[in-house]
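Dear colleague,

Please find the structure below, together with its sequence. My notes on its sheet follow.

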Amino acid sequence: MSLQSLALIENWPVPTAAAGVVRADGTVLGTHGPADHRFPLASVTKPLAAYAALVAYEEGAVELDEPAGPPGATVRHLLAHTSGLAFDEHRTMSAPGERRLYSNAGFEQLGDHIAKATDIPFAEYLRQAVLEPLGMTSTSLEGSPAKDGVSTVADLLRFAAELQAPRLLDPRTLAEAMTVQYPGTKGVLPGYGHQNPNDWGLGFEIRGAKSPHWSGSSSSPRTFGHFGQSGTFLWADPDARVAAVALADRAFGPWAIEAWPVLTDAVLTEVRG
């Protein structure tokens, strides 16, 4: 089966784009564009890094509520963007748990914490814990765990299937990751302004009632995932029982704000139809 809706990426004002949709059982419903082309992921790196952190938790290398990052913060705070760290600087802006301050620095400190706990460089730990077991041979972390992943649609569809039916994690751990952490916390969703509340799980943004949003108007509130400033997104919609990936090589901007929800709604309409 191929999804006609994915052809919408041909209208995107980008040099190269690829997209795909997958069910929980790993059935790829369709791809469009070069599925094996390697794209910089920007912040779509974070869900991969978060997944590695959850594997480290299940292996007993770290606890979610052990100290990590700035004083008073924990692994959970870092994963949920509530550590109080600034966006791109390793300085504290607020007390842990008070505000949803989206933070690259937080994910960098998370990577350092796990590397120290496991005695394995974080990029290598990610490869061993997540990428290799899922067969994501074209994916690598080439710097910051917050933003320096490189991958393909084909690889990310493997990860998107895992997010719907986990093999590497206990389903209860994944359910926790998709549950709102520190409910009622407000903050800015990059590119989309102030959101109250600004719901996040453990490394995954949760759609909730956010408006505006990069997913579709028909996306369920339980939809979770991430987008990246390099023109990339990954979402899974538990109610629709599908996940989608779209990668492009043009920086996020007004084109994406306009194009992404249209694609998502078209995909959901076709899948449900």
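**Findings on the sheet**

Gly 228 lies opposite Thr 232 in β10. The model is predicted: local features need pLDDT of at least 70, side-chain atom pairs count only at pLDDT 80 or more, and totals for chains, interfaces and linings use all residues. Residues are numbered from 1 along each chain as its sequence is written, and side-chain values use heavy atoms, leaving out hydrogens and water.

Strands (E, at least two residues) and helices (H or I, at least four) are DSSP runs numbered from the N terminus; two strands pair if DSSP finds at least two bridges between them.

β9 and β10 pair in the antiparallel sense over 5 bridges. They form a hairpin with 3 residues between them, and Gly 231 in that turn has a positive phi of about 90 degrees.

Strand β10 (residues 232-237) is also joined, by 5 bridges, to the antiparallel strand β11 (residues 242-248). Here Ala 236 stands opposite Ala 243, and Trp 235 has Ala 244 as its bridge partner. This second hairpin has 4 residues between its strands, with Arg 241 in the turn at a positive phi of about 60 degrees.

The open sheet has 6 strands, in the order β2-β1-β11-β10-β9-β8, with antiparallel pairing. β2 (28-32) and β8 (205-206) each have a single partner strand, so one side of each is left without a neighbour in the sheet.

With kind regards
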